[in-house]
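Dear colleague,

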Amino acid sequence: MSAPQFWSTPLRYLRWASHEKPAIFYSIVLGSLGPVCLVAIPPVRRYFGDVDPEKIPLSYPVPKGPRVIPKGFDDE
């Protein structure tokens, strides 16, 4: 029994697939770029000066001391 065409000549199979089944071929190409982008994009961003934003606070900061009541807004 012969080996599947992809494993015996992968570049020739990829060339054939790009002509005969372009939608499947290019979706696999774009899908395989996802894990590469996870590794490559953050260092490139930092190289060009893009910094990560500050963390969003998860609680409201409680002021120290007694609460200051605003003056001049009374209903008189």
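The notes below go from the chain as a whole to its surface, its pocket and its charged pairs.

Please bear in mind that this is a predicted model, in which local features need pLDDT of at least 70 and side-chain atom pairs count only at pLDDT 80 or more, while totals for chains, interfaces and linings use all residues. Residues are numbered from 1 along each chain as its sequence is written, and side-chain values use heavy atoms, with hydrogens and water left out.

The chain has three helices and zero strands, and its elements follow the order α-α-α from the N terminus; helices (H or I, at least four residues) and strands (E, at least two) are DSSP runs, numbered from the N terminus. Of the 76 residues in the chain, 4% are buried, where buried means under 20% relative accessible area, exposed means over 50% and partly exposed lies in between (1.4 Å probe, protein chains only). The chain exposes about 8,000 Å², of which carbon and sulfur atoms supply 66%; such areas come from the Shrake-Rupley method with a 1.4 Å probe, and for residues only the protein chains shown count as cover.

An unreviewed UniProt entry annotates residues 23-41 as "transmembrane region", although annotations of this kind may be inferred rather than shown by experiment, and their positions are given in the numbering used here, with feature names shortened. In the model, residues 23-41 are 100% helix and 0% strand, with the end C-alpha atoms 26 Å apart.

On the surface, Tyr26, Val29, Leu30, Leu33 and Val36 form a nonpolar patch with about 460 Å² of accessible area together. Patches are made of residues with over 30% relative accessible area and no salt bridge, like charges being joined within 9 Å and nonpolar side chains (Val, Leu, Ile, Met, Phe, Trp, Tyr) within 5 Å. Val36 lies in helix 3 (residues 22-47) and is partly exposed, at a relative accessible area of 47%.

The largest pocket holds about 150 Å³ of space, and its lining consists of Tyr13, Leu14, Ala17, Lys21, Ile24, Phe25, Ile28 and Val29. A pocket is an open set of points on a 1 Å grid over the protein atoms alone, where a 1.4 Å probe fits, with protein on both sides within 12 Å along at least five of seven lines, and lining residues have an atom within 4 Å of a point. Grid points are joined across faces, edges and corners, and the volume is the space filled by probe spheres set on the points. Helix 2 (10-20) and helix 3 each supply at least two lining residues, with helix 3 giving the most, namely four.

Finally, the structure holds three salt bridges, each a side-chain nitrogen of Lys or Arg within 4 Å of a carboxyl oxygen of Asp or Glu. Arg45, which is partly exposed at 31%, pairs with Asp50, the closest N and O atoms being 2.9 Å apart, and also with Asp52, at 3.0 Å. Arg46 forms a salt bridge with Asp52 as well, at 3.9 Å.

With best wishes
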